[in-house]
Amino acid sequence: MKHNDFYKKILDNNKAWVEEKLAINPSYFKRLSENQTPPLLWIGCSDSRVPANEIIGAEPGDVFVHRNIANMVIHSDMNMLSVLDYAVNILKVKNIIVCGHYGCGGILAAMKNESYGLIDNWIRHIKTVYRLHHVELNQIESETERFNRFVELNVQEQVYDLAKTSIVQQAWTQKQELSIHGWVYGLNSGYVTDLQVNVTSNQDLDEVYQLKFKKL
Ligand code: CO
(Lines give C-alpha, C1' and ligand atoms only; values in the text may rest on other atoms or scores of the structure.)
Protein backbone atom coordinates (compact mmCIF):
# COMPACT_ATOMS: atom_id res chain seq x y z
CA MET A 1 0.00 0.00 0.00
CA LYS A 2 1.26 3.42 -0.91
CA HIS A 3 1.19 6.10 1.75
CA ASN A 4 1.25 9.81 1.42
CA ASP A 5 3.90 10.25 4.10
CA PHE A 6 3.33 13.94 4.73
CA TYR A 7 -0.41 13.42 5.06
CA LYS A 8 0.05 10.59 7.53
CA LYS A 9 2.61 12.61 9.47
CA ILE A 10 0.25 15.55 10.04
CA LEU A 11 -2.43 13.27 11.47
CA ASP A 12 0.14 11.76 13.82
CA ASN A 13 1.36 15.26 14.69
CA ASN A 14 -2.17 16.21 15.69
CA LYS A 15 -2.43 13.28 18.11
CA ALA A 16 0.94 14.12 19.63
CA TRP A 17 -0.05 17.80 19.98
CA VAL A 18 -3.29 16.92 21.79
CA GLU A 19 -1.41 14.67 24.18
CA GLU A 20 1.21 17.33 24.81
CA LYS A 21 -1.42 19.98 25.64
CA LEU A 22 -3.41 17.63 27.88
CA ALA A 23 -0.27 16.60 29.76
CA ILE A 24 0.24 20.24 30.78
CA ASN A 25 -3.42 21.05 31.37
CA PRO A 26 -6.09 18.33 31.32
CA SER A 27 -8.86 20.91 30.77
CA TYR A 28 -7.02 22.73 27.94
CA PHE A 29 -9.54 21.92 25.21
CA LYS A 30 -12.54 22.11 27.50
CA ARG A 31 -11.60 25.67 28.41
CA LEU A 32 -10.94 26.62 24.77
CA SER A 33 -14.27 25.19 23.64
CA GLU A 34 -16.24 27.45 25.97
CA ASN A 35 -15.66 30.76 24.12
CA GLN A 36 -13.10 32.92 22.34
CA THR A 37 -12.01 36.41 23.34
CA PRO A 38 -8.98 37.09 21.14
CA PRO A 39 -7.58 40.62 21.59
CA LEU A 40 -6.10 40.64 18.09
CA LEU A 41 -7.17 40.40 14.45
CA TRP A 42 -4.36 39.35 12.12
CA ILE A 43 -4.54 40.10 8.40
CA GLY A 44 -1.63 38.36 6.77
CA CYS A 45 -0.40 36.76 3.58
CA SER A 46 -1.40 33.20 2.69
CA ASP A 47 2.31 32.42 2.24
CA SER A 48 3.09 29.15 4.04
CA ARG A 49 6.22 30.68 5.55
CA VAL A 50 4.35 33.33 7.56
CA PRO A 51 2.25 31.39 10.08
CA ALA A 52 0.38 33.98 12.14
CA ASN A 53 0.28 32.32 15.55
CA GLU A 54 3.73 30.81 15.45
CA ILE A 55 5.79 33.91 14.71
CA ILE A 56 4.25 35.88 17.59
CA GLY A 57 4.21 33.02 20.09
CA ALA A 58 0.42 33.09 20.31
CA GLU A 59 -1.72 30.28 21.64
CA PRO A 60 -5.08 29.06 20.33
CA GLY A 61 -7.64 31.66 21.42
CA ASP A 62 -5.24 34.61 21.04
CA VAL A 63 -5.62 35.61 17.39
CA PHE A 64 -8.53 35.92 14.96
CA VAL A 65 -6.97 35.35 11.55
CA HIS A 66 -7.65 36.38 7.97
CA ARG A 67 -5.11 35.54 5.29
CA ASN A 68 -5.07 36.11 1.56
CA ILE A 69 -2.52 36.68 -1.18
CA ALA A 70 -0.41 39.71 -0.23
CA ASN A 71 -2.46 40.57 2.90
CA MET A 72 -4.91 42.76 1.02
CA VAL A 73 -7.83 44.79 2.35
CA ILE A 74 -10.19 45.00 -0.61
CA HIS A 75 -13.41 46.82 0.03
CA SER A 76 -15.62 44.54 -2.05
CA ASP A 77 -14.18 41.39 -0.44
CA MET A 78 -17.08 39.99 1.60
CA ASN A 79 -14.79 37.50 3.26
CA MET A 80 -12.48 40.23 4.61
CA LEU A 81 -15.41 42.50 5.52
CA SER A 82 -17.18 39.71 7.41
CA VAL A 83 -14.04 38.82 9.35
CA LEU A 84 -13.42 42.49 10.12
CA ASP A 85 -17.01 43.14 11.18
CA TYR A 86 -17.10 40.10 13.44
CA ALA A 87 -13.71 40.91 14.95
CA VAL A 88 -14.53 44.57 15.63
CA ASN A 89 -18.21 44.45 16.52
CA ILE A 90 -18.63 41.07 18.19
CA LEU A 91 -15.21 40.03 19.47
CA LYS A 92 -14.23 43.66 20.13
CA VAL A 93 -10.57 43.10 19.31
CA LYS A 94 -8.35 45.94 20.49
CA ASN A 95 -5.65 45.55 17.87
CA ILE A 96 -5.54 44.76 14.18
CA ILE A 97 -2.24 43.87 12.58
CA VAL A 98 -1.71 43.89 8.83
CA CYS A 99 1.40 41.77 8.38
CA GLY A 100 3.15 41.73 5.03
CA HIS A 101 6.46 40.06 4.37
CA TYR A 102 9.59 40.68 2.36
CA GLY A 103 9.87 38.33 -0.61
CA CYS A 104 6.09 38.29 -1.12
CA GLY A 105 5.28 36.63 -4.45
CA GLY A 106 2.07 38.64 -4.84
CA ILE A 107 3.95 41.91 -4.53
CA LEU A 108 6.65 40.76 -6.96
CA ALA A 109 4.00 39.78 -9.49
CA ALA A 110 2.44 43.23 -9.14
CA MET A 111 5.77 44.86 -10.08
CA LYS A 112 5.95 42.87 -13.29
CA ASN A 113 3.80 42.56 -16.37
CA GLU A 114 3.46 38.82 -16.73
CA SER A 115 -0.08 37.40 -16.74
CA TYR A 116 -0.81 34.56 -14.31
CA GLY A 117 -4.48 34.09 -15.16
CA LEU A 118 -7.41 34.82 -12.87
CA ILE A 119 -5.10 36.01 -10.11
CA ASP A 120 -4.18 39.03 -12.29
CA ASN A 121 -7.46 40.55 -11.10
CA TRP A 122 -6.40 40.23 -7.46
CA ILE A 123 -2.88 41.46 -8.16
CA ARG A 124 -4.38 44.49 -9.90
CA HIS A 125 -5.24 45.95 -6.49
CA ILE A 126 -1.55 45.77 -5.56
CA LYS A 127 -0.63 47.51 -8.81
CA THR A 128 -2.83 50.40 -7.67
CA VAL A 129 -0.53 50.77 -4.65
CA TYR A 130 2.43 50.93 -7.05
CA ARG A 131 0.70 53.60 -9.10
CA LEU A 132 0.02 55.66 -5.96
CA HIS A 133 3.71 55.53 -5.00
CA HIS A 134 5.32 55.28 -8.43
CA VAL A 135 7.40 58.44 -7.98
CA GLU A 136 9.13 57.06 -4.88
CA LEU A 137 9.35 53.49 -6.18
CA ASN A 138 10.68 54.35 -9.62
CA GLN A 139 13.52 56.33 -8.03
CA ILE A 140 14.88 53.20 -6.35
CA GLU A 141 17.45 51.70 -8.70
CA SER A 142 18.04 48.39 -6.96
CA GLU A 143 15.23 46.03 -7.85
CA THR A 144 15.53 44.25 -4.49
CA GLU A 145 15.25 47.52 -2.59
CA ARG A 146 12.32 48.65 -4.72
CA PHE A 147 10.63 45.29 -4.05
CA ASN A 148 11.20 45.66 -0.28
CA ARG A 149 9.88 49.21 -0.26
CA PHE A 150 6.84 48.15 -2.29
CA VAL A 151 6.10 45.46 0.34
CA GLU A 152 6.21 48.15 3.05
CA LEU A 153 4.09 50.65 1.11
CA ASN A 154 1.52 47.96 0.39
CA VAL A 155 1.17 47.20 4.11
CA GLN A 156 0.84 50.92 4.81
CA GLU A 157 -1.93 51.27 2.22
CA GLN A 158 -3.79 48.25 3.61
CA VAL A 159 -3.70 49.87 7.06
CA TYR A 160 -5.24 52.98 5.53
CA ASP A 161 -7.75 50.87 3.62
CA LEU A 162 -8.83 49.26 6.90
CA ALA A 163 -9.28 52.71 8.41
CA LYS A 164 -11.39 53.73 5.41
CA THR A 165 -13.95 50.97 6.03
CA SER A 166 -17.26 51.96 7.57
CA ILE A 167 -16.61 49.28 10.20
CA VAL A 168 -13.43 50.84 11.59
CA GLN A 169 -14.63 54.44 11.23
CA GLN A 170 -17.82 53.63 13.11
CA ALA A 171 -15.89 51.91 15.90
CA TRP A 172 -13.63 54.97 16.25
CA THR A 173 -16.63 57.32 16.19
CA GLN A 174 -18.09 55.31 19.07
CA LYS A 175 -14.77 55.66 20.95
CA GLN A 176 -14.15 51.94 20.80
CA GLU A 177 -10.55 51.07 21.64
CA LEU A 178 -9.07 49.88 18.34
CA SER A 179 -5.52 50.29 17.03
CA ILE A 180 -4.29 49.29 13.59
CA HIS A 181 -0.68 48.35 13.02
CA GLY A 182 1.38 47.68 9.91
CA TRP A 183 4.10 45.04 10.18
CA VAL A 184 6.55 43.46 7.80
CA TYR A 185 7.95 40.01 8.51
CA GLY A 186 11.45 39.09 7.39
CA LEU A 187 11.44 35.61 5.86
CA ASN A 188 15.18 35.30 6.29
CA SER A 189 15.42 36.70 9.82
CA GLY A 190 12.15 35.72 11.48
CA TYR A 191 11.81 39.21 12.92
CA VAL A 192 8.90 41.56 12.34
CA THR A 193 9.29 45.31 11.86
CA ASP A 194 6.54 47.65 13.02
CA LEU A 195 6.21 50.27 10.26
CA GLN A 196 4.67 52.70 12.77
CA VAL A 197 1.81 53.62 10.46
CA ASN A 198 -0.03 56.10 12.59
CA VAL A 199 -3.75 56.09 11.86
CA THR A 200 -5.85 56.52 14.97
CA SER A 201 -8.95 58.35 13.78
CA ASN A 202 -10.69 59.08 10.52
CA GLN A 203 -9.15 62.58 10.70
CA ASP A 204 -5.94 60.90 9.57
CA LEU A 205 -7.62 59.95 6.27
CA ASP A 206 -7.95 62.18 3.22
CA GLU A 207 -11.09 64.20 3.75
CA VAL A 208 -13.02 62.50 0.98
CA TYR A 209 -12.89 59.18 2.92
CA GLN A 210 -14.12 60.59 6.23
CA LEU A 211 -17.60 59.24 6.98
CA LYS A 212 -20.17 61.07 9.07
CA PHE A 213 -22.58 58.71 10.77
CA LYS A 214 -26.23 59.47 11.32
CA LYS A 215 -27.10 59.58 15.00
CA LEU A 216 -29.37 56.69 15.96
CO1 CO B 1 3.11 36.93 0.43
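Mentor: The model is a predicted one, and the whole chain provides the setting. The secondary structure of the protein consists of nine helices and five strands. Read from the N terminus, these elements follow the order α-α-β-α-β-α-β-α-α-α-α-α-β-β. Along the principal axes, a box of roughly 55 × 50 × 30 Å holds the C-alpha atoms. The protein has 216 residues, and 38% of them count as buried. Among contacts with a separation of 6 or more, 64% join residues 24 or more positions apart. The exposed surface comes to about 13,300 Å², of which carbon and sulfur atoms supply 52%.

Helix H6 covers residues 120-132, 13 residues in total. From the first C-alpha of H6 to the last, the distance is 18 Å, close to the 18 Å expected at 1.5 Å a residue. Four residues of H6 are buried: Ile123, Ile126, Val129 and Tyr130. An α-helix has 3.6 residues a turn, so residues three or four places apart point the same way. The spacing of the buried positions Ile123, Ile126, Val129 and Tyr130 may be read along the helix with that in mind.

Conventions. Residues are numbered from 1 along each chain as its sequence is written. This is a predicted model: local features need pLDDT of at least 70, side-chain atom pairs count only at pLDDT 80 or more; totals for chains, interfaces and linings use all residues. Side-chain values use heavy atoms; hydrogens and water are left out. Helices (H or I, at least four residues) and strands (E, at least two) are DSSP runs, numbered from the N terminus. Buried means under 20% relative accessible area, exposed over 50%, partly exposed in between (1.4 Å probe, protein chains only). Contact means heavy atoms within 4.5 Å. Accessible areas come from the Shrake-Rupley method with a 1.4 Å probe; for residues, only the protein chains shown count as cover. The expected span of a helix is 1.5 Å times one less than its number of residues.
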